[in-house]
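The sequence and coordinates come first.

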Amino acid sequence: MGDMAIIIETLIKATIVLAVTAGMGAFATWIERKVLAFMQRRLGPMHVGPYGVLQLAADGIKLFTKEDIIPQNVVKPIFMIAPVVAATTAFVAMAAIPFFPEFTVFGYTIHPIVSDINVAVLYVMGVASVGVYGPLLAGMSSANKWSLLGAARAVVQMLSFEVVSGLSILAPIMMIGSLSLIDINDYQIGGISDWLIWKQPLAFLLFAMAGFMETNRSPFDTIEFEAEVVSGYATEYSGMRWGLFFVGEYANMITVSVLVSIIFMGGYNSLWFIPGALMMLLKVSFWIFLFLWVRAAWPHIRPDQLMWVCWKVLMPLAVVNILITGFVLI
Amino acid sequence: MELKDFARRNIAPGYIFFEGEAKPENGWESFKRVVRRSIKGELFVGLWIVFREMIRFDIHTVQYPAEKLEMSPRYRAIHKLLRLFESGSERCIGCGLCEKICIAKCIRMDTHVDEKSRKVVSEYSINFGRCIFCGYCAEVCPELAIVHGAEYENASEQRAHFGLKEDMLTPLDTFRAKQQHEFPGFGALSDNANDAVKRTPLAY
């Protein structure tokens, strides 16, 4: 009976996480268009619903009802499965992420995390790395040079930033002594001064940069930069298969925002009079806004500059950071 | 005047010449350049500017089908044939000057002499597939009968639309409602010209 309850609870949680994050991702597309428009003195979508808020419904209807085009000369099964890989890995990574503090409903304590595994950080980063198979398979199966270039850039970028994000996050983990995101959150329970961002500013910077690279956001959007590779790996896709890539990208944005908030910015601990859940929402919203803000302001960098900065600047900095942290701990 | 001064005769005093940054010679110099560029506040100036524009919320969008920009009198769009303010009869006297001057040869008119032995225009048409909107016809017209309007929405199902006499001539009910506006003339300023004037960028 106990096992059954856990299975049902997990299923419900997984469904809620999937539905809410997918909905938030869709909503984030509207927010992105609006924020970018305001920063460029435009209005953005205005016609569908009040202030264009129903634009995401219109986009969704369009994506779902569009013809599913499989171009000539593509490797059909791989071409069809690649978007699913991209979207799935983005959502699966959320399984080990605690979104809110635990709360009680009808005398039943709920932990808002699908599965509290003790290697959560490792798991999330591992699954996020598997996500590169989406762009890679899509690009290689597409029979299109832009797609192939996009896939090559995706792999190169992934190899570069994975090292940085892994090494940068090692220093906080050494201080905390646990890979569980709940332990990391509990470590920063004592207000703003306990946030890891003050003890590990360099690791925070490096991890934030790696987060921008992982989500393919500007200024590191080399793999789908329109002026150079059309739409990168997604050039040949249309309709809902393209939509899956899109949903995956926004789910990744949410994942990275939640990760940075938990690891470096105090997670879902309550602050002064603000309850923890609201703190979490505020931080994640700020990070999503930062993604859009940076996209509006900064130009993107070349792939060779990206690799140069990853391997020759960021990785040595991360290693130095680990060394310093180690000496201080001893 | 020496050659150097002559070559720079169009350049204002105090003009700053920027030759470009020196290229880094070795790895250490390029590393220093990365550090300099990362720590210098340029990136954050960019962030601040877009954020300032968002807060200022000075939106320049014209939501086109709902709101339209006022067209300048200098704008040359589909022609209009005007009526005399006194009598409401057509201004066109059928002199044929516009037909003659039209460099695209797109104006065609038929005239005849009526029972009062006055010359009247029976047919007048402009082929807008050929018209280049040069404005010669309006310029040459001795009676200010043919002028350019500001109507720029010319999507249509038929080629001949907009170009026939009954399309261009001011309708009688519009005329009686005193809605026929006199053409202010070439080079006239628009009504909102004062609002649109800005200081020259060099001044600030």
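With 330 residues, chain A would have a radius of gyration near 20 Å if it were a compact globule; its value is 20 Å, so chain and rule agree. The model is predicted. The C-alpha trace of chain A spans about 60 × 50 × 45 Å along its principal axes.

**Chain A overall**
- Chain A contains 13 helices and two strands.
- Buried residues make up 42% of the 330 in chain A.
- Of the contacts in chain A with a separation of 6 or more, 78% join residues 24 or more positions apart.

**Helices H1(A) and H2(A)**
- H1 (residues 2-39) and H2 (residues 55-65) of chain A have axes that come within 9 Å and cross at roughly 115°.
- The crossing of H1(A) and H2(A) is right-handed.
- On the H1(A) side the contact is made by Ala26(A), Phe27(A), Thr29(A) and Trp30(A), and on the H2(A) side by Gln55(A), Leu56(A), Asp59(A) and Gly60(A).
- By class, the residues of this contact are four nonpolar, three polar and one charged.

**Contact between chains A and B**
- Chain A gives 12 residues to the contact and chain B gives 14 residues.
- On the chain A side, the elements that supply two or more residues are H1, helix H12 (276-297) and helix H13 (303-329).
- H12(A) provides the largest share of that side, with three residues.
- The side of chain A that touches chain B has 10 nonpolar and two charged residues, and no polar ones.

Conventions. Residues are numbered from 1 along each chain as its sequence is written. Chains are lettered from A and ligands numbered from 1 in the order in which they are written. This is a predicted model: local features need pLDDT of at least 70, side-chain atom pairs count only at pLDDT 80 or more; totals for chains, interfaces and linings use all residues. Axes are lines fitted to C-alpha atoms, for helices over the stretch in contact, and angles run from 0 to 180 degrees between N-to-C directions. Helices (H or I, at least four residues) and strands (E, at least two) are DSSP runs, numbered from the N terminus. A crossing is left-handed if the near helix is turned anticlockwise from the far one by less than a right angle, and right-handed if clockwise. Two residues are in contact if their C-beta atoms, placed from the backbone, lie within 7 Å. Ala, Val, Leu, Ile, Met, Phe, Trp, Tyr, Cys and Pro count as nonpolar, Asp, Glu, Lys and Arg as charged, and the others, Gly among them, as polar. The radius of gyration is taken over C-alpha atoms; the globule rule is 2.2 Å times the number of residues to the power 0.38. A residue is buried if 20 or more other C-beta atoms lie within 10 Å of its own, exposed if 12 or fewer, and partly exposed in between; C-beta atoms are placed from the backbone.
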